[in-house]
Amino acid sequence: ADGDPASPHAANYDESEANGHMDTLPDVLTFADGSRVTSAEGWWQRRRPEIADIFETEIYGRVTGELPDIEWRVTETRSESIGDVDTLTQTVAGSMKNPLPPGTEVNIELTLSRPATATGDVPVVLELGFDAAFLARLRERFTEEQLAAFRGDGPPWNEQVLARGWAAASLVATSIQADNGAGLYEGVIGIGTGGGSRTPGDWGALRAWAWGVSRVLDYLENAEGFNATRVAVEGHSRYGKAMLVAMAFEPRLAAAFISSSGEAGAKLWRRHYGEQVGNIAGSGEYHWMAGNFLKYAGPLGVDDLPIDQHMLIALCAPRPVFISSGTGGDQWTDPKGMFLAAAHASPVYELLGARGLGTMDYPAVGVGLLDGDLAWRQHEMGHTPAPNWPYFLDFIDRYFSKDTTA
Ligand code: GCU
């Protein structure tokens, strides 16, 4: 599908043609042998592992090879004001002993900001973000006005997080794994393969970025002042996809804000709307995936996928997940396809005693479904998480403000 509407293979944005493949949508609560999952035990013991195995084998790949430990070092500590909050900010570097040639070192870049007056271990909101070079390119490409529109009217997300007394953390995704195919021979994936080619079931960049999030969690478990049992993650667009993978595969993560993740994220592959399998598998995005995935853009097709993305959301259950999208230019992410995926994941939340979306009816823009453990809201702006940050923080406040020390 081409984002250009004048193209002969323009992406479909006609809702009446969007559900062409939905009749082959696999049921999340039916075992591979065709019988029904009827108990939480059946989910945890059998169905969940079945689904996780397919995502690893066919879609995102498996963490491969012997990976050296990460050595974490605080390289800078500074006092600063972020918004109205006096903050202590640490720059943290995670380096790995790298058997590959010099110049390919992996140095994970993490920034941790904590309210200076906070006592005890505070919850953490962790954003998977872009590197300095990418942000510089954005500044070249867009005017200040356009960038301001992307940021929205409210204060930046980290100010909002710190104002609640929590810590705000940023992790640079490309410091773990480059965002291009050539980079597969380096980064953590390259270390895992010894600098060689991947086999078809090995991990792609999305799984690698998600792996990096787990390593940050290891760090937080040992660092002082952070509550590693209350870490919420957020990612937007490609990093929204990565954070959904992280939440699905890392049970220690407490909550997630999955913003405009679209294809390979929270959107159903079987929806014929916006971005399609071939865009991910057959373009400059293939390195996000396992090699095994590429066959679904030919010789196999979308109906041959043994899973769909509602099952990835289901792997997060019963933990709180907020799925978000925008309007306008965000049609490429197929907002309704993401809503439907959350709706089809809801029976797993309910089986586990939590609350799903509670409806199959697509709500209007701006109407949030925010009362359950799985939440949905589409905002008025385009491809940005900005307007949904306050809603997400209210959503996790229900969990994070509970005192568990009593
Ligand atoms: C492209 C890609 C999307 C991705 C987005 C981004 O639009 O097709 O899948 O989410 O880039 O990450 O910015």
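## A guided tour, stop by stop

Start by selecting Tyr185, which sits in the loop between strand 5 (167-172) and helix 5 (187-193). Helices here are DSSP runs of H or I with at least four residues, strands are runs of E with at least two, and both are numbered from the N terminus. Before you go on, note that this is a predicted model, where local features need pLDDT of at least 70, side-chain atom pairs count only at pLDDT 80 or more, and totals for chains, interfaces and linings use all residues. Residues are numbered from 1 along each chain as its sequence is written, and side-chain values use heavy atoms, with hydrogens and water left out.

**Stay with Tyr185.** Now show its contacts, meaning heavy atoms within 4.5 Å. Setting aside neighbours within four places in sequence, Tyr185 is in contact with Leu100, Gly190, Gly195, Gly196 and Ser197. Try the distance tool on Gly196: its C-alpha lies 6.1 Å from that of Tyr185, and the two are 11 residues apart in sequence.

**Next, select Val122.** You will find Val122 in strand 4 (residues 122-129). Val122 is buried, with a relative accessible area of 5%. Which residues does Val122 touch, not counting those up to four places away in sequence? They are Arg114, Gly165, Trp166, Ala167, Gly225, Phe226 and Asn227.

**Then colour residues 70-82 and 85-96.** These are strand 1 and strand 2, which pair in the antiparallel sense over 12 bridges; two strands pair if DSSP finds at least two bridges between them. Look for Arg78, which stands opposite Thr89 in strand 2. Strand 1 and strand 2 form a hairpin with two residues between them, and Gly83 in the turn has a positive phi of about 60°.

**Finally, zoom out.** The chain has 11 helices and nine strands. Its radius of gyration, taken over C-alpha atoms, is 20 Å. Buried residues make up 53% of the 406.

How values were computed
Rg over C-alpha atoms; globule rule 2.2 N^0.38 Å. Buried < 20%, exposed > 50% of the residue type's maximum accessible area, 1.4 Å probe, protein only.
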